[in-house]
Amino acid sequence: MFLKGECADFPGSWSDRMWGPDDLPNQRSQYDLRRAAVRICEACPVRAECLAFGIMVRDQYGIYGGLPLRARRQVLKTAQEAGFRFDPDDPTAARRLARYIRENPEIVAAAREKECKRRKTEQRNARQQRWRAATRSTGKAKAPAAATQEPMQDTLF
Ligand code: SF4
């Protein structure tokens with residue numbers, strides 16, 4: 001039976017914004033769309049194949065199988081460390097990788113968790129930098145207003 005992705009019937013204008021590169025001028029709205037995209041991927045019947053494809057094509061942007069680039073790289077790294085032989089020139093590589101991902105769902109969960117922590121740390125560091133810069137310029141220990149308006153990337157997943 002042929003299975004298609006949950007995103008297959010989304011209009012292109014929506015799927016580009018949900019699963020495509022991070023380039024919307026309105027970060028808040030893109031963040032909400034991204035969060036919805038990740039939830040849809042979680043229920044997708046071809047998630048493992050999609051994730052394997054995203055890893056194979058080395059797309060630097062977007063969401064595949066519910067994961068952004070760094071988490072996709074982490075999945076491959078963990079699989080290779082566990083003994084999975086990855087040869088992008090092997091015509092069966094994508095299928096083998098998808099099967100490996102299906103058989104080892106914990107590596108996807110671990111990659112997602114690691115990315116989540118990384119985003120949290122990045123966001124905290126960026127907030128601290130802005131706070132320090134604002135404190136230096138005003139001489140007052142007051143958080144800049146922009147810090148409270150930006151999307152909470154740490155809750156993306
Ligand atoms: S896992 Fe892939 S095919 Fe499925 S909804 Fe997500 S992006 Fe679409």
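Contact here means heavy atoms within 4.5 Å of each other. Helices (H or I, at least four residues) and strands (E, at least two) are DSSP runs, numbered from the N terminus. The structure is a predicted model, in which local features need pLDDT of at least 70, side-chain atom pairs count only at pLDDT 80 or more, and totals for chains, interfaces and linings use all residues. Residues are numbered from 1 along each chain as its sequence is written, and side-chain values use heavy atoms, with hydrogens and water left out.

The protein chain holds 7 helices and 0 strands. From the N terminus on, its elements run α-α-α-α-α-α-α. The chain has 157 residues, of which 36% count as buried. Buried means under 20% relative accessible area, exposed means over 50%, and partly exposed lies in between (1.4 Å probe, protein chains only). Contacts between residues at least 6 apart in sequence were also examined, and 54% of these join residues at least 24 apart.

Helix 3 is considered next. Its buried residues are Ala48, Leu51, Ala52, Gly54, Ile55 and Met56. These buried residues pack against helix 4, helix 5 and helix 6. Two packed helices are described by the angle between their axes and the distance between the axes. The axes of helix 3 and helix 5 come within 8 Å and cross at roughly 130°. Helix 3 is therefore oblique to helix 5. Axes are lines fitted to C-alpha atoms, for helices over the stretch in contact, and angles run from 0 to 180 degrees between N-to-C directions. Angles under 35 degrees count as roughly parallel, over 145 as roughly antiparallel, 65 to 115 as roughly perpendicular and the rest as oblique. Helix 3 passes helix 5 in a right-handed crossing. A crossing is right-handed if the near helix is turned clockwise from the far one by less than a right angle, and left-handed if anticlockwise. On the helix 3 side, the contact is made by Ala48, Glu49, Leu51, Ala52, Ile55 and Met56. Helix 5 contributes Ala93, Ala94, Leu97, Ala98, Ile101 and Arg102.

Arg58 follows helix 3 and lies in the loop between helix 3 and helix 4. Most residues other than glycine have a negative phi. Arg58 is not a glycine, yet its phi is positive, at about 55°. Arg58 is exposed, because its relative accessible area is 53%.

The largest nonpolar core has 20 residues. A nonpolar core is a set of buried Ala, Val, Leu, Ile, Met, Phe, Trp, Tyr and Cys residues joined through side-chain atoms within 4.5 Å. The residues with the most contacts inside the largest core are Leu51, Ile55, Val75, Phe86, Leu97, Ile101 and Val108. Two or more residues come from each of helix 3 (47-57), helix 4 (69-81), helix 5 (93-103) and helix 6. Another core, of 7 residues, lies apart from it and includes Met18, Leu33, Ala37 and Ile63. Leu51 is in contact with Tyr64, Gly65, Leu67, Arg72, Val75, Ile101 and Val108, leaving aside its neighbours within four places in sequence.

Phe84 is found in the loop between helix 4 and helix 5. Its relative accessible area is 10%, so Phe84 is buried. Not counting residues up to four places away in sequence, Phe84 touches Ala79, Arg96, Leu97 and Tyr100. Phe84 and Arg96 are 12 residues apart in sequence, and their C-alpha atoms are 9.2 Å apart in space.

Arg119 has its place in helix 6 (residues 105-138). Arg119 counts as buried because its relative accessibility is 16%. A polar contact of 2.8 Å joins its side chain to that of Glu115. A polar contact is a pair of N or O atoms within 3.5 Å; within protein, one must be able to donate a hydrogen and the other to accept it, and residues adjacent in sequence count only if both atoms are side-chain atoms.

Helix 1 (residues 12-19) and helix 2 pack at an angle of about 95°, with their axes 7 Å apart. The two helices are therefore roughly perpendicular to each other. Helix 1 brings Trp14, Arg17, Met18 and Trp19 to the contact. Helix 2 brings Gln30, Leu33, Arg34, Ala36, Ala37, Ile40 and Cys41. Ile40 lies in helix 2 (residues 27-42). Ile40 counts as partly exposed, because its relative accessibility is 22%. Leaving aside neighbours within four places in sequence, Ile40 is in contact with Glu6, Phe10, Met18 and Trp19. Ile40 and Cys7 are 33 residues apart in sequence and 7.6 Å apart in space, C-alpha to C-alpha.
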